[in-house]
Amino acid sequence: MTKKYKIAVIPGDGTGPEVVAEGIKALDAVSGRFGFRLAYENCNLGGEHYKNTGELVDDTVLESLSRADAIYLGAIGHPDVKPGILEKGILLKLRFHFDQYINLRPVKLYEGVETPLKNKGPDDIDFVVVRENTEGLYTGAGGFHKKGTPDEVAIQESINTRKGVERCIRYAFEYCRKRNKRKKLTLCGKTNVLTYAFDLWERTFNDVAKEYPDIETDYANVDAICMWMVKNPEWFDVIVTDNMFGDIISDLAAIIQGGMGIAAGANINPSGVSMFEPIGGSAPKYTGKHVINPIAAILAAQIMLATIGEQKAAAMIEDAVKKVLRNDLKDVAAGKMGYTTEEVGNLVKEYIVNSE
Ligand code: IPM
Ligand code: MN
């Protein structure tokens with residue numbers, strides 16, 4: 001029987017719809033070759049929808065998303081909507097609602113892509129950031145006191161639960177073992193100052209490590225990680241960290257792998273509905289210009305297939321992307337590729353159709 005997956009697609013705002021269309025092109029090209037079917041269901045969410053209807057995400061949308069095998073997201077963000085509303089109301093809402101407790105960010109410098117790091121190449125930049133995605137500073141715990149007065153107090157608390165920290169660390173160990181590269185897991189923390197939160201992280205890390213004698217463990221403070229990531233990116237295999245640090249170091253990592261045209265991420269609930277996205281945002285200034293690089297969205301589709309269990313199809317997408325980056329694109333930045341968004345999608349598709 002043909003395997004069938006239901007994919008909820010949220011094209012979203014700005015250039016989201018343009019890049020998602022190219023991701024779907026790649027998905028359709030591989031699903032045909034590997035004999036599974038993808039049924040897409042479009043879901044109209046984002047800043048444009050919010051401006052027109054006043055709605056962020058309602059319960060019927062959540063219901064319908066919960067029936068999907070995966071969510072494929074373009075971008076959420078609108079220049080006319082105040083920062084925080086769409087992020088909290090849509091993106092974080094979905095992460096929390098579906099308990100997508102892992103934010104997975106593969107960082108790989110592909111051949112043909114330039115890195116801003118001097119004397120570093122594809123052999124040096126190949127690691128993964130595993131970021132906790134439902135706790136820490138992101139829960140919204142805290143508040144104001146005497147807001148708007150000279151005595152104002154603003155508190156934003158970092159919530160770290162043993163359960164939340166442990167499941168994230170365990171995922172990172174498992175991922176490191178399965179990835180089977182250098183088999184080294186680095187905990188990124190700040191044990192010298194955040195002596196409660198990262199004490200819990202460090203103790204949990206050391207406890208779980210006992211179950212993974214085949215994985216080498218390492219620890220570094222987040223500020224040091226930022227230095228090493230620039231100076232010696234080859235030291236890293238898998239890095240595990242909390243929500244806030246993970247947010248920051250994964251953008252640093254994105255830029256050393258070539259930037260927003262390339263970087264893709266996944267919000268994963270290993271036993272629920274996961275969500276896959278290019279991390280570049282809605283890029284309003286490029287909207288409708290057909291210049292944005294769809295490779296990040298195509299790589300998000302690749303991670304999606306690998307996560308739902310279609311590893312061979314995922315590998316075929318990655319191979320096609322590698323060829324496009326090595327043979328065709330002049331540059332990965334928007335407007336400098338030498339091709340339009342659609343043409344890049346077509347190149348990926350061609351390589352898939354013609355692969356062995
Ligand atoms: C990311 C983004 C989000 C985050 C924003 C848009 C809320 O930066 O996915 O990394 O901070 O998690
Ligand atoms: Mn971020």
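**View 1. The pocket of ligand 1.** In this predicted model, ligand 1 sits in the second largest pocket (an open set of points on a 1 Å grid over the protein atoms alone, with protein on both sides within 12 Å along at least five of seven lines; a molecule sits there if more than half of its atoms lie within 2 Å of its grid points). Local features need pLDDT of at least 70, and side-chain atom pairs count only at pLDDT 80 or more. Side-chain values use heavy atoms, without hydrogens and water.

**View 2. The shell around ligand 1.** Ligand 1 is surrounded by E87, L91, R95, R131, Y138 and D247 (a heavy atom within 4 Å). Four of the shell residues are charged and two nonpolar, the latter class including Leu and Tyr. Domain 1 (1-101 + 268-356) and domain 2 (115-257), bounded by an automatic or database assignment, both contribute, so ligand 1 lies between them.

**View 3. Polar contacts of ligand 1.** Oxygen atoms of ligand 1 take part in polar contacts (N or O pairs within 3.5 Å) with side-chain atoms of Y138 at 2.6 Å, R131 at 2.7 Å and D247 at 2.9 Å.

How values were computed: Residues numbered from 1 in each chain as written. Chains lettered and ligands numbered in written order. Polar contact = N/O pair within 3.5 Å; in protein donor to acceptor, adjacent residues only side chain to side chain. 1 Å grid on protein atoms, 1.4 Å probe; cavity = no way out; pocket = protein on both sides within 12 Å on 5 of 7 lines; lining within 4 Å.
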